[in-house]
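Hi,

Here's the structure I promised to pass on. Have a look at it first, and my notes on the charged side chains follow below.

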Amino acid sequence: MANEVVPVSIKGVEPTSSGCAVFLGNDAKVFVIYVDHAIGGVLQLSLKGVRRERPLTHELIGSILLGLGASLDHVVINDVNEGTFFARLLLRMENELGRKIIELDARPSDSMVLALQGKRPILVARKVFDAVEDASEVLERVLKRRAQLEAEEENEDDEGPEIDEPGDEGEGEGSEDDDSK
């Protein structure tokens with residue numbers, strides 16, 4: 001079937017030197033889409049369910065859709081060309097006149113944020129899923145390294161700060177080795 005899609009989820013968002021790596025996939029395969037730092041941060045907030053005091057652009061878009069009686073049905077990452085991914089937003093609108101589906105071109109990064117915020121599915125066209133390199137091992141290494149770093153930080157926090165206490169070296173005031181007497 002030409003329109004076959006594969007459901008995926010965001011497995012992780014990791015900072016890189018030039019932005020963020022978004023790991024998408026399922027049990028069979030994980031792949032990476034690179035996004036800028038700002039979108040990476042918004043994705044991380046959305047994954048954690050954090051809401052800002054004032055709406056960010058993606059939250060504003062969701063509110064506009066709601067106000068117009070439309071909703072995001074799902075997102076499809078439908079193409080990849082020389083490392084650049086393309087996506088489509090599928091919007092649903094129903095009213096007394098009937099039902100309408102609207103398909104819009106969008107960046108995958110924006111699409112993923114909207115899908116997360118609306119708790120809607122992220123799908124990948126089978127041709128894209130089959131074409132991308134499997135990054136499952138890379139994600140596993142990154143997550144393992146992060147866990148190690150977090151454990152080290154936790155151990156440092158548990159030990160508390162080091163306090164220099166006067167010892168028996170004779171350097172403290174009034175020690176036997178004090179020549180100033």
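For what follows, a salt bridge is a side-chain nitrogen of Lys or Arg within 4 Å of a carboxyl oxygen of Asp or Glu. Keep in mind that this is a predicted model.

Asp 105 and Arg 88 meet that cut-off, with their closest N and O atoms 3.9 Å apart, so they count as a salt bridge. Asp 105 sits in strand E6 and Arg 88 in strand E5, so this pair ties together parts that are 17 residues apart in sequence. Asp 105 is exposed, at a relative accessible area of 55%.

Arg 88 also forms a salt bridge with Glu 103, and there the closest N and O atoms are 3.0 Å apart. Glu 103 is in strand E6 (residues 98–106) and Arg 88 in strand E5 (residues 84–95), so that contact ties together parts 15 residues apart in sequence. Glu 103 is partly exposed, with a relative accessible area of 45%.

Now for another pair: Arg 126 forms a salt bridge with Glu 4, the closest N and O atoms lying 3.6 Å apart. Arg 126 belongs to helix H4 (residues 126–131), while Glu 4 is in the segment before strand E1 (5–16), so the pair ties together parts that are 122 residues apart in sequence. Both partners are partly exposed: Arg 126 has a relative accessible area of 29%, and Glu 4 has 35%.

Cheers

Key
Residues are numbered from 1 along each chain as its sequence is written. This is a predicted model: local features need pLDDT of at least 70, side-chain atom pairs count only at pLDDT 80 or more; totals for chains, interfaces and linings use all residues. Side-chain values use heavy atoms; hydrogens and water are left out. Helices (H or I, at least four residues) and strands (E, at least two) are DSSP runs, numbered from the N terminus. Buried means under 20% relative accessible area, exposed over 50%, partly exposed in between (1.4 Å probe, protein chains only).
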